[in-house]
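My entries are below, in the order I made them.

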Amino acid sequence: MDPIILSVTFVLGLLANRMKLPALVGFLVAGFILNAMGFTVSEDIKDIGDLGVTLLLFTIGLKLKTKQLLRPEIWAAGSIHMTLAVLFFGLIVQLFTYTGLHFFVGLSISTSLLIGFALSFSSTVFAVKIMEESGLSKSLNGRIAIGVLIIQDILAVLFITFSTGKTPSLWALLIIALLPAARWVFRYILDHTGHGELQVLFGMSLALAAGAGAFEMVGLKADLGALIMGMLLATHPRASELADSLLSLKDFMLLGFFLSIGLGGFPNMTALATAVFFVLLIPLKSMLFFFLFTRFNVSARSSFIAAINLTSYSEFGLIVGAIGVSYGWMDSKWLVVMAIALSLSFIVASPLNMQAEELFERWRNFLNRFDTEISHPDEVLISSTANWQILIVGMGRVGTQTYDFLRERFGDIILGVDADQETIQRHKDAGRDVVHADISDGDFWRRIVPLRCVKLGVLTIPNLDAKLYAMNMAKKVGSNSKLVAITEYDDEIAPLLVGGADFAFNIYDGVGIGLASEISNYLDTSNLVIEK
């Protein structure tokens, strides 16, 4: 990468971050500016972006449980939405052929439906990046959005496979048949890679060689291979650690993806107007998602947030468009329109995702009318006769140790809260009182009536914005409890104290004290000679 490209991209990414927007918006704008300066998309940038997308799909697979895709709010809602979206966009494009606008002249019904198919996708790269930054990828709305995106990705892979006329070789059957054995082998290797550079190298090899490379060799989609490799390890205890070890590398490579879109440049005014028109149709796409999710008993709030997560066009639309152009099914000008519509949809969707909670609160009374009488299994109202006086939000390692220590000292007056169902089940099996909840859900704080009796709240979740929101909502519903928050960064302590925490500290500050305490508990120190 040219030093100028890196410098301009960093400055624009930093500006976007300071404006409370995702850095990727800055990367897109940087691409447009660099294009105006005379830079074009190089093969290196494209390759870096492709590697970033492949690693992204691999890390998605690491967090995806196969049974999640079998839920009707995911496979049914995703499939129905794509079918209706293809028909809607295809009809709109076909109707414009009768207006006499030269841009639409001569489009056949099949071409209109192909354009509709390309516009029906939502961006996996964008949505997952947004959810990672907000720390809500494990919440119900996050799981639904990711599940729908994967359903869309699978449909895209099927289209690419059949439309290109490439039939997977017979070796593909062998690859698929070997997956169960490969799963055992890869899990065994992950157990013995340690926690350093070998773990990172193993993740890269698994995603790019065993996954993308092997699948491409036998005529299957490379990205699908990376996704499946991740899914093979999704239930491994160190799957999250493996994903975290690839995080920085993946984020840097995704820089190439967003840059390549911006470096494609702006089209002429007619194509730009057409792209803007498609962007104006995105709210209809989101409204359909919202309606379908609520029909499958997902709450209005979770449905709304998931629909906002899916408010964009997709990079897969560009792939579909490129295939259409290569086979002469549509003119190359439509690929330019899709590229600029994709870019603009990112810019529009970013602030919407940042303000999703505020938007729902503003329209809550109206949106709640779409709730069904039956609650989703993950959103059943909290009911218990327990006398909770301590609430621990985030039942990871720190939360669990805090829970056990406080229960040993004060008894069964502690309630744990977490957004991951499997984590909750493990705690219940261990005898802990833990409930499922998305703390970014304002309705959770309203329906947990015993919160007014809580005297101490402990926030062990990593995301700063989520902690600030939780503290704000706790105060709004009338909680007078003391609030303690932990962080991994010193510069987050001041915002936590200003945001309502009575005590905030860096979790690493107490590591030495904990170590000394353990030493004194497990070693015989009576024979130590203390020199004065």
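The entries start with the ground rules and then go site by site.

**Ground rules.** I am working with a predicted model, where local features need pLDDT of at least 70, side-chain atom pairs count only at pLDDT 80 or more, and totals for chains, interfaces and linings use all residues. I number residues from 1 along each chain as its sequence is written, and side-chain values use heavy atoms, with hydrogens and water left out.

**Salt bridges.** How many salt bridges does the structure hold? I find 5. The criterion is a side-chain nitrogen of Lys or Arg within 4 Å of a carboxyl oxygen of Asp or Glu. As background, side chains of opposite charge can pair when their charged atoms come close.

I looked at R71 and E73. They form a salt bridge, with the closest N and O atoms 3.8 Å apart. For exposure I use relative accessible area: buried is under 20%, exposed is over 50%, and partly exposed is in between (1.4 Å probe, protein chains only). R71 is partly exposed at 29%. E73 is buried at 4%.

Next I checked D404 and R407. Their side chains meet in a salt bridge at 4.0 Å, N to O. Both residues lie in helix 22 (residues 397–410), 3 residues apart, which is about one turn of the helix. Helices here are DSSP runs of H or I with at least four residues, strands are runs of E with at least two, and both are numbered from the N terminus. R407 is partly exposed, at 24% relative accessible area. D404 also counts as partly exposed, at 27% relative accessibility.

Which other residue does D404 pair with in a salt bridge? It is R432, with the closest N and O atoms 2.9 Å apart. D404 is in helix 22 and R432 in the loop between helix 23 (421–429) and strand 3 (434–436), so the pair ties together parts that are 28 residues apart in sequence. R432 is buried, with a relative accessible area of 16%. Through shared partners, salt bridges join D404, R407 and R432 into one network.

**Surface patches.** I then went over the surface. A patch takes residues with over 30% relative accessible area and no salt bridge; like charges are joined within 9 Å, and nonpolar side chains (Val, Leu, Ile, Met, Phe, Trp, Tyr) within 5 Å. Areas come from the Shrake-Rupley method with a 1.4 Å probe, and for residues only the protein chains shown count as cover.

The nonpolar patch covers about 430 Å² and is made by I80, L84, L87, I109 and L113. Which helices each supply at least two of its residues? They are helix 5 (72–96) and helix 6 (109–119). Helix 5 gives the largest share, 3 residues. I109 lies in helix 6. I109 counts as exposed, at 58% relative accessibility.

The negative patch is formed by E43, D44, D47 and D50. Asp and Glu count as negative, Lys and Arg as positive, while His and the chain ends are not counted. Each charge is placed at NZ of Lys, CZ of Arg, CG of Asp or CD of Glu. D50 lies in helix 3 (residues 43–63). D50 is partly exposed, with a relative accessible area of 47%.

**T311.** I looked up the loop between helix 17 (300–309) and helix 18 (315–326), where T311 lies. Is T311 buried or exposed? It is buried, at 4% relative accessible area. A polar atom of the T311 side chain lies 2.9 Å from the backbone oxygen of A307.

**N297.** I noted the backbone here. Phi of N297 is near 70 degrees, a positive value in a residue other than glycine. N297 sits in the loop between helix 16 (282–295) and helix 17. N297 counts as partly exposed, at 25% relative accessibility.

K129 and L254 are 125 residues apart in sequence, but 9.7 Å apart in space, C-alpha to C-alpha. K129 lies in helix 7 (residues 124–134). K129 counts as buried, at 13% relative accessibility.

I also logged G38 and L263. They are 225 residues apart in sequence and 9.3 Å apart in space, C-alpha to C-alpha. G38 lies in the loop between helix 2 (23–36) and helix 3. G38 is exposed, with a relative accessible area of 58%.

Terms used: Polar contact = N/O pair within 3.5 Å; in protein donor to acceptor, adjacent residues only side chain to side chain.
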